Amino acid sequence: QPVNLPLQNFLQEKEIFFELNTRHFDQIPSNKPMNIFIVEEAEKELKKHLSLDPNNETGGVLVGNAYFCSERNSYYTEILGSIPAPYTVGNRVHFKFTPECWQEILRIQKQDFSGTTIVGWYHSHPGHGIFLSGTDLNTQRLSFKQVWQVATVYDPIKNKIGYFYGRNGERLENKYLIYLTKKSSESSKEGTLKSRITQKPEQSD
């Protein structure tokens, strides 16, 4: 279940390690039931994974944390990393998880992403653009139906990416997607990483 934490408190906690120099609490859109905060490196890694086989659909899961802000009556999800799914079944137009792949995903999560929650899934649409197919929606409704659970679609041929959320797979506009970009500083040499929040320009299908 999502942690009940006001968004303002979340941002204040992140300021210990993240430089919030381009967005403020009151500038984050609040007229949607969801916002996503994603570590930019996590997106780069899933793109790298999905580009390994541009001729067939493949995918994995997203790990991080989910929160609810009662003051805004909205959820926000923090994506910290991704886990490629092994033993999946896929071709150019189809991808699905298998029981064997879930066992391995949970093992990797426990080993490499301890303390996180599976907050969604990702997969590729080689050359087909950014949307959720009927099969994708079935996967979303079966395994990722909570409003804070995310579906990410990446087209490695067109280099396009999109984010969807909830049981109906509603597309999240880029203004509700906030990137966390790691930034080296003097303090990082002592083991502390600072980051700055940036927002990428709107991407079209």
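Mentor: In strand β4, Y75 is the residue opposite M34. The model is predicted: local features need pLDDT of at least 70, side-chain atom pairs count only at pLDDT 80 or more, and totals for chains, interfaces and linings use all residues. Residues are numbered from 1 along each chain as its sequence is written, and side-chain values use heavy atoms, with hydrogens and water left out.

Trainee: What makes β2 and β4 a pair?

Mentor: Pairing takes at least two DSSP bridges between two strands. β2 and β4 (residues 74–84) have 5 and run parallel. Strands are DSSP runs of E, at least two residues; helices are runs of H or I, at least four; both are numbered from the N terminus.

Trainee: How are the side chains of β2 arranged?

Mentor: M34, I36 and I38 point one way, N35, F37 and V39 the other. In a regular strand, side chains alternate between the two sheet faces. In β2 (residues 34–39), 6 of 6 residues are buried.

Trainee: Why is C69 called buried?

Mentor: Buried means under 20% relative accessible area (exposed is over 50%, partly exposed in between; 1.4 Å probe, protein chains only). C69 has 0%, so it counts as buried. C101 is buried too, at 0%.

Trainee: How many disulfides does a search of the whole structure find?

Mentor: It finds 0. A disulfide needs two cysteine sulfur atoms within 2.5 Å.

Trainee: Why is T116 called buried?

Mentor: Its relative accessible area is 18%, so T116 is buried. T116 lies in the loop between α3 (99–112) and β7 (117–124).

Trainee: Which residues does T116 touch, not counting residues up to four places away in sequence?

Mentor: V63, G64, N65, L80 and Q109. Contact means heavy atoms within 4.5 Å.
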